[in-house]
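Please describe selected local features of the protein model shown below.

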Amino acid sequence: MAATELRGVVGPGPAAIAALGGGGAGPPVVGGGGGRGDVGPGSGAASGTVVAAAAGGPGPGAGGVAAAGPAPAPPTGGSGGSGAGGSGSAREGWLFKWTNYIKGYQRRWFVLSNGLLSYYRSKAEMRHTCRGTINLATANITVEDSCNFIISNGGAQTYHLKASSEVERQRWVTALELAKAKAVKMLAESDESGDEESVSQTDKTELQNTLRTLSSKVEDLSTCNDLIAKHGTALQRSLSELESLKLPAESNEKIKQVNERATLFRITSNAMINACRDFLMLAQTHSKKWQKSLQYERDQRIRLEETLEQLAKQHNHLERAFRGATVLPANIPGNVGSGKDQCCSGKGDMSDEDDENEFFDAPEIITMPENLGHKRTGSNISGASSDISLDEQYKHQLEETKKEKRTRIPYKPNYSLNLWSIMKNCIGKELSKIPMPVNFNEPLSMLQRLTEDLEYHELLDRAAKCENSLEQLCYVAAFTVSSYSTTVFRTSKPFNPLLGETFELDRLEENGYRSLCEQVSHHPPAAAHHAESKNGWTLRQEIKITSKFRGKYLSIMPLGTIHCIFHATGHHYTWKKVTTTVHNIIVGKLWIDQSGEIDIVNHKTGDKCNLKFVPYSYFSRDVARKVTGEVTDPSGKVHFALLGTWDEKMECFKVQPVIGENGGDARQRGHEAEESRVMLWKRNPLPKNAENMYYFSELALTLNAWESGTAPTDSRLRPDQRLMENGRWDEANAEKQRLEEKQRLSRKKREAEAMKATEDGTPYDPYKALWFERKKDPVTKELTHIYRGEYWECKEKQDWSSCPDIF
C-alpha cells in the first residue's frame with residue numbers, strides 16, 4: 001500500500017468538523033443516541049408511532065439546504081411547517097441530523113407533537129417506522145450558532161441538528177421551547193392532581209380495604225398505648241411507695257433510676273402512637289395519587305406486553321415473507337451457483353441506518369434451494385439428502401490429483417437430532433468434556449479449523465513488502481479480522497483432536513507457505529501451530545479453547561497469544577483472539593457472533609492497533625458484525641483508522657491533522673475520508689452449493705482431502721472424521737467412541753506410570769509434544785509450545801517411527 005494511496009484524513013473520535021453552509025462545527029462524540037446512529041435507546045418506536053399517527057403533511061415554509069457533505073437539498077416548501085391540514089402536530093419539517101463521522105449530517109423529517117420530538121427518514125416513513133423520539137419535558141435545548149442547535153435529555157439521547165437558515169432555526173427553537181414549557185406544566189399538573197383519571201371500582205374497594213386495615217391496626221396500637229400508660233402509672237406509684245420506705249441509700253438510688261426509665265418508656269410509646277397516626281393520615285391524603293400511579297404502571301405493563309406480542313408476530317411474519325421471497329427455484333439454471341453471496345445478502349453498506357437491519361433477528365437469513373439445503377426448525381437440526389449417491393460424490397475425490405484441489409465433498413445427509421435434549425444437562429460445563437455425537441460436528445478437526453486462519457495469507461505477503469511499519473500493521477490487522485470470516489455460517493462443531501494428533505498443510509509450491517499443527521494437551525484442549533512462508537513471514541500460536549454452555553447460548557473463549565514475525569524487518573506482532581458466541585441453542589436458527597477487543601502490538605517499534613468487535617444488538621442501528629480500529633504510534637497518535645465487518649471486508653483511511661477553525665488540530669471531515677478509503681481485505685465468495693457442504697470455503701473443502709506421505713497422526717487419517725464426511729454417521733459415532741476409549745486408556749496408563757515413578761522415587765517425564773517444545777517465549781515471557789523443527793525433514797525421509805499410534 002503506497003503512502004500516496006492512503007491520502008485523506010478521518011477520525012472516529014472527538015473533532016471539530018466544519019459544516020458547509022451552516023458555518024458551525026460538527027458535533028463531538030456523545031453517548032447514547034447521538035453517538036451511535038439515528039436510533040436512541042430512549043422513548044423508542046412506541047411513542048413515536050403515536051406521533052406518526054397524528055402527523056400529517058408538511059406545512060408551508062421556505063426551502064433551503066445546509067449540510068456537511070453532499071447531502072441532498074430539501075424541496076422548496078419542505079424544510080419546515082406548522083402542521084397544516086389538521087395534522088395536530090405543533091411543527092413538522094425537514095432538518096439535518098448528525099449521524100456519524102462517515103456520513104455527517106443527513107436530512108430527516110421531524111415532527112413535534114404533544115411535547116415529543118420524533119424523526120423519520122422520510123415523510124412516507126411516518127406510517128410504519130419511527131427512527132427516534134425525545135421527550136422535551138426533560139430535555140435541554142442549546143443553540144450552537146446561526147443554524148445549528150442541540151437537543152439532549154442528559155446523556156441517554158442527544159440530537160445535533162442543523163436548519164436550512166437562521167430564521168428556520170429560530171422557528172424550530174421557539175416551537176421547541178414552547179412545547180417544552182407546556183410539557184413541563186402538564187407533567188407538574190399531572191403529578192399534583194388525583195382526580196383526573198377514573199379509578200376502577202375494584203381498585204377503589206381494594207384501597208378502602210387497605211385503609212380500613214391500617215386504621216384497625218392504629219386503633220390496636222392506641223389500645224396498647226392506653227394499657228402501657230395505665231400500667232406505667234401504676235408502676236411509678238409503686239416505685240414512689242418504695243422510695244418512702246426506710247431502705248438503704250443504695251436501694252433508693254436504684255429505685256429512682258427505674259422510675260426514670262419507666263417515664264421514658266411511656267413517653268416513647270406515646271411518640272410511636274402519634275407517628276402511626278400521622279402515617280395513616282398521610283396514607284389517606286395521598287391514596288388517590290398512589291392509586292393513579294399504580295393504575296398507570298399496570299396499563300403500561302399491559303401495553304408493553306401487547307406490543308411485545310405484536311412485534312414477535314410481525315417479526316415472524318416478516319421473516320417468513322422474506323424467506324419466501326428470496327428462496328430460489330432449484331430448476332432455474334445459474335441460480336444455484338449465484339450463492340456467491342446469497343448467504344450474506346442480508347447486509348447492506350457501512351451506514352448506521354441500513355434498512356436491511358431494521359427487523360434483524362439473527363445476523364443472517366440463509367437462502368437456499370429447498371431440495372438441497374438443510375434447515376433447522378425449533379431445536380432440531382435436520383438436513384435434506386441430495387439425489388446424488390454418496391459413492392458418486394466420493395468418486396469425484398478419488399479422480400482428483402494433488403494439484404487439482406477438490407471443490408466439493410459429499411453433501412450433508414438428512415439426520416435429525418434434538419440439540420436441546422443433549423445440551424440441557426450440560427449447562428455450565430466445559431464443552432470439551434461433554435461427549436457429543438458427530439451429528440453436531442463438521443468433518444474437520446480443530447487443527448484444520450486453526451489452519452483456516454491462513455486462508456487470506458496474501459495479506460501477510462503484502463504486509464511483508466511494506467516499508468512503512470504503520471501500513472504493515474494495517475495489513476496485519478486485516479489478516480487478524482479475516483480469520484473470523486469463515487465462522488459466519490459455520491454453526492457445526494469441529495472434532496476435538498486426539499492428544500498427539502497433527503495436521504500439515506503444504507502449499508509451498510502454490511502459495512509459498514507450509515503449516516503444521518499438533519494437539520499438545522487434551523485437558524484443557526490446546527493446539528500449537530507453526531506456519532512459515534518463503535515470502536518473508538512466520539506465524540505461530542498456541543490456542544487453548546475454553547467454552548461454557550449458558551443455556552441460551554454457548555461462549556467459546558480462545559486463550560493464547562498469536563505471533564507474526566517478518567523476516568526482513570524483524571517486526572514482531574502479537575495479539576489474542578476474541579470471544580465467539582453461538583446463539584439460539586434452545587430455539588430458533590443458530591447464529592454466531594464475535595465480540596471483544598484485540599490489541600495488536602509491534603514489539604520492535606511500539607506501534608499498536610486496537611480493534612473493536614461490536615457485539616450484535618437487537619436495538620442497534622449499526623451494521624451487523626462491525627469492526628472498528630485505530631493504528632497508533634508509540635506516542636498514541638492515530639495514523640490510520642480501520643472500518644469494516646469481520647465477515648465481509650476491511651478498509652482503512654489515513655488520519656492526518658488539519659488546522660481547525662480556532663487554529664487547533666482537527667481531523668478530516670467524514671465525507672472527504674470516504675474518498676480516501678483503501679480496501680485492505682474482502683471475503684472470497686463461498687463455493688457453489690456451500691449450504692449443502694457445511695458452508696465450507698474453497699480452502700476448507702481441500703483440508704480433509706486425502707494426501708500421501710503425511711504423518712500417521714494426521715487428521716486426514718482419522719477414521720471417524722472420514723466416515724462422517726462420507727455420510728456414514730452411525731459408523732462414525734461408533735468409531736468416535738472407540739477412539740475416545742483408546743485415548744482414555746492411554747491417559748490412565750500414563751497416570752499409572754507417573755504414580756509408580758513417584759512411589760519409586762525415579763524421575764518421570766510427563767507427556768511431551770512430538771514436534772513442539774514447551775518453553776518461555778522471549779517476547780511475551782509466557783510458557784508456550786514453539787516449533788522445534790524436524791517434521792518436514794522426517795516427511796522427506798518418510799521416517800515416522802517416533803509418531804504414536806492414536807488412531
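This is a predicted model: local features need pLDDT of at least 70, side-chain atom pairs count only at pLDDT 80 or more; totals for chains, interfaces and linings use all residues.

Residues are numbered from 1 along each chain as its sequence is written, and side-chain values use heavy atoms, with hydrogens and water left out.

**Helix 9**

Helices (H or I, at least four residues) and strands (E, at least two) are DSSP runs, numbered from the N terminus. Helix 9 covers residues 469–482, which are 14 residues. The expected span of a helix is 1.5 Å times one less than its number of residues. For helix 9 this span should be 20 Å, and the end C-alpha atoms are 20 Å apart, in agreement.

A residue is called buried under 20% relative accessible area, exposed over 50%, and partly exposed in between (1.4 Å probe, protein chains only). Because 14 of the 14 residues of helix 9 are buried, the helix is largely enclosed by the rest of the structure. The N-terminal end of helix 9 is capped by N468, which has a side-chain oxygen 2.7 Å from the backbone nitrogen of L470.

**Cavities**

On a 1 Å grid over the protein atoms alone, a cavity is a set of points where a 1.4 Å probe fits but cannot get out, and its lining residues have an atom within 4 Å of a point. Grid points are joined across faces, edges and corners, and a volume is the space filled by probe spheres set on the points. In the whole structure there are five cavities of 30 Å³ or more. The volume of the largest cavity is about 60 Å³. Its lining consists of D453, F479, T480, S483, L539, Q541, I562, W575 and K577. Helix 9 and strand 16 (537–549) are the elements that give two or more residues to this lining. By residue type, the lining of the largest cavity has four nonpolar, three polar and two charged members. Here Ala, Val, Leu, Ile, Met, Phe, Trp, Tyr, Cys and Pro count as nonpolar, Asp, Glu, Lys and Arg as charged, and the others, Gly among them, as polar.

**Cysteines**

A disulfide is a pair of cysteine sulfur atoms within 2.5 Å, and a search of the whole structure finds zero of them. The sulfur of C609 has its closest cysteine sulfur in C474, at 7.0 Å, which is too far for a bond. C609 is buried, at 1% relative accessibility. C147 also counts as buried, at 6%.

**Positive phi angles**

N689 has a phi near 60 degrees, a positive value in a residue other than glycine. This residue is placed in the loop between strand 28 (678–682) and helix 11 (698–703), and N689 is buried, with a relative accessible area of 11%. Q798 is not a glycine either, and its phi is positive at about 55 degrees. Q798 belongs to the segment after helix 14 (791–797) and is partly exposed, with a relative accessible area of 43%.

**Residues separated along the chain**

The table lists two pairs of residues with their C-alpha separations.

| Pair | Separation along the chain | C-alpha separation |
|---|---|---|
| R171 and R91 | 80 residues | 9.3 Å |
| N610 and T628 | 18 residues | 8.3 Å |

R171 is part of helix 2 (residues 166–192) and counts as partly exposed at 41% relative accessibility. N610 is in strand 22 (residues 608–613) and is partly exposed, with a relative accessible area of 22%.

Technical notes: A polar contact is a pair of N or O atoms within 3.5 Å; within protein, one must be able to donate a hydrogen and the other to accept it, and residues adjacent in sequence count only if both atoms are side-chain atoms. On a 1 Å grid over the protein atoms alone, a cavity is a set of points where a 1.4 Å probe fits but cannot get out, and a pocket is an open set with protein on both sides within 12 Å along at least five of seven lines; lining residues have an atom within 4 Å of a point.
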